[in-house]
Amino acid sequence: MVRDSQHGFVRNKSCLDYLSVFVEEVANCLDSGYPVDVIYLDFQKAFDKVPHKRLILKLAAHGIDGKLLEWIEKWLLDRKQKVVINGIFSGWKDVLRGVPQGSVLGPLLFVIYINDIDEFIISHIC
């Protein structure tokens, strides 16, 4: 199950929805005289850095198994890519990590991968 703290790539929970909740929460804290600390995390090229083996383990921990897990694993592993710049092609390179961008499944796999990022945080997190 995806945690309530997740926004973005989650049905009915856009980043804009989160922003309005965040602003209201900060305003309420400040109006009540409570201090507010904010930490932003920016995952640079986050989709490209998801390790395949660890993602497969997390999918299994979420109860995804059998043929579906096998299919996802085959879809992720043994991928190759090349780059084209001004009509000139690079050689093929193995893709050792990352979820395919532009796919329907990519954002969901990323959300599952980072789903436990706030597991041991005591403060409120979104």
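This is a predicted model: local features need pLDDT of at least 70, side-chain atom pairs count only at pLDDT 80 or more; totals for chains, interfaces and linings use all residues.
1. The axes of α2 (residues 52-61) and α4 (residues 105-114) cross at roughly 80 degrees and come within 9 Å. The two helices are therefore roughly perpendicular to each other.

2. Now the side of that crossing you'd want to click through. On the α2 side, the residues are Arg54, Leu55, Lys58 and Leu59, and they meet Leu109, Ile112 and Tyr113 of α4. By type, the contact has five nonpolar residues, two charged and no polar ones.

3. For the overall layout, the protein chain has four helices and four strands. Going along the sequence, the order is α-α-α-β-β-β-β-α. With 126 residues, the globule rule gives 14 Å, but the radius of gyration is 19 Å, well over that, so the chain is more spread out than a compact globule. Along its principal axes, the C-alpha trace spans about 60 × 45 × 25 Å.

4. Have a look at the second largest pocket too, with its volume of about 210 Å³. Which elements give two or more residues to its lining? They are strands β1 (79-81) and β4 (93-95). Arg79 and Gln81 are in the lining, as are Asp94 and Val95. Phe47 and Asp48 line the pocket as well, along with Arg97, Gly98, Val99, Pro100 and Gln101.

How values were computed
Residues are numbered from 1 along each chain as its sequence is written. Side-chain values use heavy atoms; hydrogens and water are left out. Axes are lines fitted to C-alpha atoms, for helices over the stretch in contact, and angles run from 0 to 180 degrees between N-to-C directions. Angles under 35 degrees count as roughly parallel, over 145 as roughly antiparallel, 65 to 115 as roughly perpendicular and the rest as oblique. Contact means heavy atoms within 4.5 Å. Ala, Val, Leu, Ile, Met, Phe, Trp, Tyr, Cys and Pro count as nonpolar, Asp, Glu, Lys and Arg as charged, and the others, Gly among them, as polar. On a 1 Å grid over the protein atoms alone, a cavity is a set of points where a 1.4 Å probe fits but cannot get out, and a pocket is an open set with protein on both sides within 12 Å along at least five of seven lines; lining residues have an atom within 4 Å of a point. Grid points are joined across faces, edges and corners, and a volume is the space filled by probe spheres set on the points. The radius of gyration is taken over C-alpha atoms; the globule rule is 2.2 Å times the number of residues to the power 0.38.
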